[in-house]
Amino acid sequence: MRLRDEPGNDVAPWVERETLIEATPEEVWEAITDEDRLEEWIAEEVELDPVEGGDASFRSEDGERSGTVQTVEEEERFAFTWARPGEGESLVEFTIEAVPAGTRLTVVETPIGPTAVAAGGWRPRLARLRGSLALAPVA
Amino acid sequence: MLERLARGGTITASGIAEKLPISRQAVAKHLAALRSANLVSSERVGRETHYRLRPDPLDDAARWIQTVSAEWDHRLEALRRSLETRRGRSQ
């Protein structure tokens with residue numbers, strides 16, 4: 001499990017995954033920002049307006065997610081929020097990096113917003129756990 | 001200590017202190033901290049306090065991390081395949 005410090009002394013679980021692709025950053029950028037290309041790998045039906053503030057929706061067998069495009073930095077960074085109806089929202093951030101073998105693509109997904117805290121309430125509990133473990137130097 | 005708790009059942013401060021090279025007072029202080037973090041529950045039995053792990057909060061976070069990691073591994077593999085297949089066709 002990975003914990004990341006956030007403003008306000010809160011901690012959140014987050015997921016970071018990466019892949020190395022034999023393709024140029026330009027090709028990877030197109031594959032993660034073009035709605036037709038996104039349908040090849042992220043969901044069966046994708047509607048996405050790749051500008052900051054643009055709408056995004058993803059429909060697949062396991063349901064629908066929708067959100068808003070947050071960051072568009074050509075061939076470098078792309079981020080949007082998404083959530084299933086009635087569930088907590090997450091921020092999904094892609095980072096593109098040219099490497100000798102092609103392109104490294106990193107994705108980080110982080111729960112955001114008050115719903116994420118309410119769902120199970122594990123965010124404040126993790127913060128308290130960190131505090132309690134720091135308190136006592138016992139294995 | 002969390003490992004011992006995770007094996008199930010209940011523990012007491014003196015029971016833990018007997019098995020680990022730390023004082024009963026240090027154990028009691030640590031258990032009290034875990035209880036105030038809502039990670040263990042306690043029950044008074046005679047003169048001893050018995051502690052039991054409450055696994056729910058960490059389970060929720062761990063489950064989320066596991067599910068979301070698997071989803072992204074699956075998607076990124078599909079993306080990689082899609083891009084490399086496309087490139088293979090154009091060469």
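This is a predicted model: local features need pLDDT of at least 70, side-chain atom pairs count only at pLDDT 80 or more; totals for chains, interfaces and linings use all residues.
A contact here means heavy atoms within 4.5 Å.

**Chain A as a whole**

Select chain A and colour it by secondary structure. Four helices and nine strands make up its elements, and from the N terminus on they follow the order β-β-β-α-α-β-β-β-β-β-β-α-α. Among the contacts in chain A with a separation of 6 or more, 34% join residues 24 or more positions apart. Next, display the surface of chain A. Its accessible area comes to about 7100 Å², and carbon and sulfur atoms supply 46% of that area. Of the 139 residues in the chain, 43% count as buried.

Select A:Glu18 and A:Arg104. Their side chains meet in a salt bridge, with an N to O distance of 3.4 Å. Because A:Glu18 belongs to strand S3 (residues 15-21) and A:Arg104 to strand S9 (residues 102-112) of chain A, the pair ties together parts that are 86 residues apart in sequence. A:Glu18 has a relative accessibility of 49% and counts as partly exposed; A:Arg104, at 26%, is partly exposed as well. As a general point, side chains of opposite charge can pair when their charged atoms come close. Over all chains, the count of salt bridges comes to 18.

**A network that includes chain B**

Now select A:Glu30, A:Arg37, A:Glu40 and B:Arg86, which are linked in a network of salt bridges. Within this group, turn to A:Arg37 and A:Glu30, whose side chains meet in a salt bridge of 3.4 Å, N to O. Is A:Arg37 buried or exposed? With a relative accessible area of 6%, A:Arg37 is buried, because buried means under 20%. A:Glu30, at 39%, is partly exposed.

**One helical turn in chain B**

Move to chain B and select B:Glu77 and B:Arg80. They form a salt bridge in which the closest N and O atoms are 2.8 Å apart. Both residues lie in helix H4 (residues 56-90) of chain B, three residues apart, so about one helical turn separates them. B:Glu77 is partly exposed at 31% relative accessibility, and B:Arg80 is partly exposed at 22%.

**A negative patch**

Finally, return to chain A and select A:Glu35, A:Asp36, A:Glu39, A:Asp49 and A:Asp55. These residues gather on the surface in a patch of negative charge. One of them, A:Glu39, is found in the loop between helix H2 (35-38) and strand S4 (45-48). The relative accessibility of A:Glu39 is 34%, so A:Glu39 counts as partly exposed.

Key. Residues are numbered from 1 along each chain as its sequence is written. Chains are lettered from A and ligands numbered from 1 in the order in which they are written. Side-chain values use heavy atoms; hydrogens and water are left out. Patches are made of residues with over 30% relative accessible area and no salt bridge: like charges are joined within 9 Å, nonpolar side chains (Val, Leu, Ile, Met, Phe, Trp, Tyr) within 5 Å. Accessible areas come from the Shrake-Rupley method with a 1.4 Å probe; for residues, only the protein chains shown count as cover. A salt bridge is a side-chain nitrogen of Lys or Arg within 4 Å of a carboxyl oxygen of Asp or Glu. Lys and Arg count as positive and Asp and Glu as negative; His and the chain ends are not counted. The place of a charge is taken as NZ of Lys, CZ of Arg, CG of Asp or CD of Glu. Helices (H or I, at least four residues) and strands (E, at least two) are DSSP runs, numbered from the N terminus. Buried means under 20% relative accessible area, exposed over 50%, partly exposed in between (1.4 Å probe, protein chains only).
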